[in-house]
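Hi there,

Here is the structure I promised to pass on. Have a look at it first, and then read my notes below.

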Amino acid sequence: MAETAKIEFNGHSFGLPVLSGSVGPDVLDIRDLHAECGIFTYDPGFTSTAACRSKITYIDGDEGVLLHAGYPIDQLAEQSSFMEVAYLLLNGELPGAAALDKFSSTITRHTMLHEQLIQFYRGFRRDAHPMAIMCGVVGALSAFYHDSTDISDGYQRMVASHRLIAKMPTIAAMAYKYSLGQPFMYPDNSLSYVGNFLRMTFGVPPEPYVVDPIVERAMDRIFILHADHEQNASTSTVRLASSSGANPFACIAAGIACLWGPAHGGANEAALNMLRQIGKPERIPEYIARAKDKDDPFRLMGFGHRVYKNYDPRAKVMQATAAEVLDKLGVDDPVFDVARELEQIALKDEYFIEKKLYPNVDFYSGVILSAIGFPTTMFTALFALARTTGWVAQWNEMISDPEQKIGRPRQLYTGPAQRDYVPVEQR
Ligand code: ACO
């Protein structure tokens with residue numbers, strides 16, 4: 001018989017069913033709590049609330065474990081490819097060679113953008129942040145691809161998913177090109193997903209672009225590390241937006257908006273800016289002291305995580321990749337030394353130990369992206385590009401889940417109780 005938890009309230013006792021997943025903590029099913037007891041639960045920031053069932057990604061924050069459909073992130077980052085991981089997130093299983101080939105070629109054939117979207121880009125200021133452009137352009141896809149906005153149609157959902165994954169590199173690269181005032185580069189279907197993105201970003205029409213296999217492999221790995229992270233803020237935003245039945249392009253634009261914040265995806269940009277500001281290892285203690293000072297809003301960017309109370313497994317792979325890329329590209333960036341030294345000092349500091357603050361995925365990613373040649377403003381756009389696969393997978397899962405309803409949290413009201421209106425001349 002299923003376990004139940006007892007709750008005593010107002011002299012009554014109620015049973016709450018306990019639900020078990022395949023791994024991880026059980027959850028209390030409180031769906032009938034208000035109907036039974038007349039109370040709600042209070043959980044700002046959803047620190048203790050599971051909002052859905054999901055088969056896509058599992059995290060054990062205490063142990064520093066991240067699995068996609070059961071596969072550890074370090075194995076995927078080292079042995080797999082981003083296309084394979086995208087397939088895995090969407091389908092729940094790794095593809096065979098033929099399925100992977102078909103999936104990759106489907107994605108490749110959706111990389112072009114509607115030509116009229118070029119006019120849309122021209123409406124932005126040249127100094128617009130790429131994330132501002134991404135929010136706008138991805139939302140605008142709903143106005144261009146009407147034949148994949150009916151979420152009740154499985155085929156249209158699949159086409160929208162493929163379009164989003166395929167067009168994101170083109171959109172991000174065009175945002176970059178626009179900021180430079182350089183011509184947009186059309187996709188080249190002979191290249192890999194990542195190779196194509198690199199060419200659209202760093203190539204120019206008058207000369208051939210040769211993809212550097214070291215950079216291609218590093219970017220592919222970075223995309224894998226960012227592909228999904230279960231119910232994080234931006235994914236929950238995508239789910240909440242789509243719970244009303246909104247079209248996928250609008251929902252992913254909402255996810256991009258959420259990701260932009262410095263407490264979430266914007267931290268990679270903030271982390272590298274911070275490392276550059278620190279500049280040399282001798283200044284680290286000053287910044288550590290500021291991070292610990294309660295009266296100073298400064299935080300060590302790229303440190304700490306809502307779920308990981310251990311080393312973020314993605315940060316481990318990222319650190320190794322940073323060392324490899326800098327070495328192979330022959331880049332001697334003092335910022336990497338600052339990062340490594342800062343990590344060592346923080347990991348031995350009582351404040352960080354006690355609060356279980358470890359480097360997260362954003363701590364080292366900026367060092368690699370900067371060595372490859374991306375400006376800091378592009379960092380979060382790259383995160384959005386990769387996370388689109390996770391958003392799309394979670395969105396599909398949610399639409400297919402018969403238990404999902406429109407997301408509608410309740411509140412603990414603390415404003416005035418009912419009172420009578422007083423005409424202005426009597427106030
Ligand atoms: N530097 C210094 N102190 C920190 C840091 C940090 N980076 N992170 C958390 N703390 C402290 C807080 O001041 C707080 O101290 P207190 O208990 O004395 O008040 C305690 O640790 C807990 O912090 P919360 O903000 O309550 O933890 P929460 O789980 O809500 O926040 C978050 C997690 C937002 C990621 C936080 O650690 C942070 O701001 N980190 C820096 C930004 C960052 O790197 N974000 C990227 C996250 S990963 C991602 O989105 C891909």
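Let's begin with Ala253, which lies in helix H11. Before going on, please note that this is a predicted model, in which local features need pLDDT of at least 70 and side-chain atom pairs count only at pLDDT 80 or more, while totals for chains, interfaces and linings use all residues. Residues are numbered from 1 along each chain as its sequence is written, and side-chain values use heavy atoms, with hydrogens and water left out. Helices (H or I, at least four residues) and strands (E, at least two) are DSSP runs, numbered from the N terminus.

Is Ala253 buried or exposed? Ala253 counts as buried because its relative accessibility is 11%; buried means under 20% relative accessible area, exposed over 50%, and partly exposed in between (1.4 Å probe, protein chains only). Not counting residues up to four places away in sequence, Ala253 touches Cys135, Val138 and Gly139, where contact means heavy atoms within 4.5 Å. His34, by comparison, is 219 residues from Ala253 in sequence and 33 Å away in space, C-alpha to C-alpha.

**Helices H6 and H7**

Helix H6 covers residues 130-140, and eight of its eleven residues are buried. Among the buried ones are Cys135 and Val138. The buried residues of H6 pack against helix H5 (117-122), H7, helix H11 (248-259) and helix H18 (379-400).

H7 is mostly covered too, with 22 of its 27 residues buried. How far apart are the end C-alpha atoms of H7? They are 39 Å apart, which agrees with the span of 39 Å that 27 residues (154-180) should have at 1.5 Å a residue; the expected span is 1.5 Å times one less than the number of residues. H7 bends by about 35° at Lys167, and Pro169 follows within four residues. The bend is the angle between axes fitted to the seven residues ending at a residue and the seven starting there.

At the start of H7, a side-chain oxygen of Asp153 comes to within 2.9 Å of the backbone nitrogen of Tyr155. After H7 comes Gly181, with a positive phi near 80°.

Most residues other than glycine have a negative phi. Ala69 has a positive one, near 45°, and sits in the loop between strand S5 (65-68) and strand S6 (71-72). Glu230 also has a positive phi, of about 40°, and its place is in the loop between helix H9 (213-226) and helix H10 (233-242). Ala69 is partly exposed, with a relative accessible area of 27%, and Glu230 counts as partly exposed at 22%.

Asp29 is in the loop between strand S3 (27-28) and helix H1 (33-37). Asp29 counts as buried, at 14% relative accessibility. Its side chain makes a polar contact of 2.8 Å with the side chain of Arg31 (a pair of N or O atoms within 3.5 Å; within protein, one must be able to donate a hydrogen and the other to accept it, and residues adjacent in sequence count only if both atoms are side-chain atoms).

**The ligand**

Which residues are closest to the ligand? Of the 21 that surround it, the closest are Lys294, Leu300, Gly302, Tyr351 and Lys355; a residue is near if one of its heavy atoms lies within 4 Å. An oxygen atom of the ligand is 2.8 Å from a polar backbone atom of Gly302.

Best wishes
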